Structures are given as C-alpha cells and as structure tokens.
Amino acid sequence: MLIGRLHALPGQGDALLTLSAAVDKKVEKSEPGMLLHTFDQDPNDPLGFVWTEVYASSRAFEYHLQNPDLNAYLEAAGAITDAFSVELYRTVWPSALAAMSATGVPFEHF
C-alpha cells in the first residue's frame, strides 16, 4: 500500500487535479496489478492531495514505477507542487524499494 502526499503551488490545485485524473485513467487501463488507485483532496487544505494505492504484489508495484505514464506524471507534478512524499506500507522486494528510490520522490517504508 502506498500513500502519496502532494501539495500544489498556489493557483495550481486545478491543474494538479486535471493532471492526476488523466494519469489515473491511464493507470486503470494499463495496470491490472493495481487494485486501488484514488486521488483525493485534503478536506482541510484545498492545495493538499493524497494518492492511495494498493498493489497485488511487489511485482505490480515495480511495474507501476516503470510505467512511462507515471514518470511523465512525476515530472509534470513536480513543476506544480511544493511538496510530494510517499509512505509505503508492508513488505516489498528490495528491487521495488530501489525502483521507488530511483523516482527521486522522498519516501518512508513502514
């Protein structure tokens, strides 16, 4: 399970919503190992957002991290956010942790 926390730059909340909705549809179509993939707005901060993702396996998580659509999203989201971090839960393969590290997004593994 992955929780991704993003904070949009002032005036960029709608752009981040649009960008995230587009990648959500692409992931849904291309990643059968993605069991849950949601993007929600923080009810206490209109510029705060959270990805919640559940994977069928470490292999599915690695597949997600290698998805070109995700990589394009990370680059585009980086330009319109001032914070992006990930919390990763459960046991995952060392290769999946290395792939997560390679994204450049700060993360903690619990």
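User: Which residues does L6 touch, leaving out those up to four places away in sequence?
Analyst: In this predicted model, L6 touches L16, F39, L47, G48, F49, W51, Y73, A77, T81, A83 and F84 once residues up to four places away in sequence are set aside.

User: Where does L6 lie, and is L6 buried or exposed?
Analyst: L6 lies in strand β1, and it counts as buried because its relative accessibility is 4%, where buried means under 20%.

User: And how far apart are L6 and V86 in space?
Analyst: The C-alpha atoms of L6 and V86 are 8.8 Å apart, although the two residues are 80 apart in sequence.

User: Which residues touch the most other members of the largest nonpolar core?
Analyst: Those are L6, L16, F39, F61, Y73 and F84, in a core of 27 residues. Elements giving two or more residues to this core include β1, β2 (34-41) and α4 (94-102), while α3 gives the most, with five.

User: What is L16 in contact with, beyond four places in sequence?
Analyst: L16 is in contact with L6, A8, F39, F49, Y73, A77, I80 and T81.

User: Changing topic, how many cavities of 30 Å³ or more does a search of the whole structure find?
Analyst: The search finds one, and the largest cavity holds about 170 Å³ of space. Its lining has 18 residues, of which E53, H64, L70, L74 and F84 are the closest to its centre.

User: What classes make up that lining, and which elements supply at least two residues?
Analyst: By class the lining has 13 nonpolar, four polar and one charged residues, and β1 (2-8), α1 (13-30), β3 (48-55), α2 (58-65), α3 (68-80) and β4 (81-88) each supply at least two.

How values were computed: Residues are numbered from 1 along each chain as its sequence is written. This is a predicted model: local features need pLDDT of at least 70, side-chain atom pairs count only at pLDDT 80 or more; totals for chains, interfaces and linings use all residues. Side-chain values use heavy atoms; hydrogens and water are left out. On a 1 Å grid over the protein atoms alone, a cavity is a set of points where a 1.4 Å probe fits but cannot get out, and a pocket is an open set with protein on both sides within 12 Å along at least five of seven lines; lining residues have an atom within 4 Å of a point. Grid points are joined across faces, edges and corners, and a volume is the space filled by probe spheres set on the points. Helices (H or I, at least four residues) and strands (E, at least two) are DSSP runs, numbered from the N terminus. Ala, Val, Leu, Ile, Met, Phe, Trp, Tyr, Cys and Pro count as nonpolar, Asp, Glu, Lys and Arg as charged, and the others, Gly among them, as polar. Buried means under 20% relative accessible area, exposed over 50%, partly exposed in between (1.4 Å probe, protein chains only). Contact means heavy atoms within 4.5 Å. A nonpolar core is a set of buried Ala, Val, Leu, Ile, Met, Phe, Trp, Tyr and Cys residues joined through side-chain atoms within 4.5 Å.
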